[in-house]
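Reader: I would like to learn how to read a structural model feature by feature. Could you take me through one slowly, giving the general idea before each case?

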Amino acid sequence: YANLDRFEAADEKYRKALEIRTVLADTQGAPDESKWLLAATTSRLASLQLDRSKRDEALTSTRSSITLLEPLVTSNGSSHALQRELSIAYYLMGDILRTAKKADEALSWLEKDLAVSARLVEAAPDNLLWRHDLATSLERLGLVLTDLGRRDAAHEAYVKAIDIGEDLIKRATKRPEWQ
């Protein structure tokens, strides 16, 4: 992604996917999966925008994704995949706001992310990917709490993230990136 041409090509592909998925999601009687795919694409575009320091665009894209995902999660409460997608969007919103030096706002979104991540791990304690998501959420929460000067709470979040990370290292030797 360091090469600008790659960013531009990725941006172009996401925007084309958004056009197609918007048409599919806006069709009367469209299945929830169409809206989910639109939300996921919007989140991926937001990540790309944040990587390129286009914070306002990333914020708008992430809000769109969350607006699509929240009712889907409500109506499909047993869908862990939808919940994870919403967790990712909450995390992204928190990250965008943190980089904008809006730690108070970021905290509320990261707390939402953490709640969803914790529920997913509770539902499937052996799902290593979800455990990794939870550790990442705790780490990001620790950063925001540090920004807010809440050092004890930040320390607690970091310790929990490290504990999960150490467990992941023991259980997932085939994922060296977690080490």
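Author: Let us begin with a single helix, for which the expected span is 1.5 Å times one less than its number of residues. Helix α2, residues 32-51, has 20 residues and reaches 29 Å from its first C-alpha to its last, close to the 28 Å expected at 1.5 Å a residue. Before we go on, note that this is a predicted model, in which local features need pLDDT of at least 70 and side-chain atom pairs count only at pLDDT 80 or more, while totals for chains, interfaces and linings use all residues. Residues are numbered from 1 along each chain as its sequence is written, and side-chain values use heavy atoms, with hydrogens and water left out.

Reader: How many helices and strands are there in the protein chain?

Author: Helices (H or I, at least four residues) and strands (E, at least two) are DSSP runs, numbered from the N terminus. By that rule the protein chain has seven helices and zero strands, and along the sequence the pattern reads α-α-α-α-α-α-α. The radius of gyration is taken over C-alpha atoms, and the globule rule is 2.2 Å times the number of residues to the power 0.38. For the protein chain the radius of gyration is 17 Å, close to the 16 Å that the rule gives for 179 residues, so the chain is as compact as a globular protein of that length. Its C-alpha trace spans about 50 × 35 × 35 Å along the principal axes.

Reader: Which residues of α2 are buried?

Author: Buried means under 20% relative accessible area, exposed over 50%, and partly exposed in between, with a 1.4 Å probe and protein chains only. An α-helix has 3.6 residues a turn, so residues three or four places apart point the same way. In α2 the buried residues include Ser 34, Leu 38, Thr 41, Thr 42, Leu 45, Leu 48 and Gln 49. As for α4, that helix is mostly covered, with 14 of its 20 residues buried, and in the protein chain 41% of the 179 residues count as buried.

Reader: What is the phi of Ser 53, and where is the place of this residue?

Author: Phi of Ser 53 is near 65°, a positive value in a residue other than glycine, and Ser 53 sits in the loop between α2 and α3. Because its relative accessibility is 65%, Ser 53 counts as exposed. Lys 101 likewise has a positive phi, near 65°, and is placed in the loop between α4 and α5; at 75% relative accessibility, Lys 101 counts as exposed.

Reader: How is a pair of aromatic rings described, and which residues form an aromatic pair here?

Author: A pair of aromatic rings is described by the distance of the centres and the angle of the planes. Rings of Phe, Tyr and Trp (its six-membered ring) pair if their centres lie within 6.5 Å; planes under 30 degrees apart count as stacked, over 60 as edge-to-face and the rest as tilted. The structure holds one aromatic pair, formed by Tyr 90 and Trp 109, which is tilted, at 5.6 Å centre to centre and 45° between the planes. Tyr 90 lies in helix α4 (residues 80-99) and Trp 109 in helix α5 (residues 103-123), so the pair ties together parts that are 19 residues apart in sequence. At 7% relative accessibility, Tyr 90 counts as buried.

Reader: Which residue lies over the face of Trp 109?

Author: A charge sits over a ring if NZ of Lys or CZ of Arg is within 6 Å of the ring centre and within 35 degrees of the ring normal. Lys 112 lies over the face of Trp 109, at 4.3 Å from the ring centre.

Reader: How many residues has the largest nonpolar core?

Author: A nonpolar core is a set of buried Ala, Val, Leu, Ile, Met, Phe, Trp, Tyr and Cys residues joined through side-chain atoms within 4.5 Å. The largest has 39 residues, and those with the most contacts inside it are Ile 66, Leu 138 and Leu 141. The elements giving two or more residues to this core are α2, α3 (55-75), α4, α5, α6 and α7 (151-171). Apart from it lies another core, of seven residues, among them Phe 7, Ala 10, Leu 45 and Leu 48.

Reader: Which residues does Asp 95 touch?

Author: Contact means heavy atoms within 4.5 Å. Not counting residues up to four places away in sequence, Asp 95 touches Leu 50 and Arg 140. Asp 95 is found in helix α4 and is buried, with a relative accessible area of 14%.
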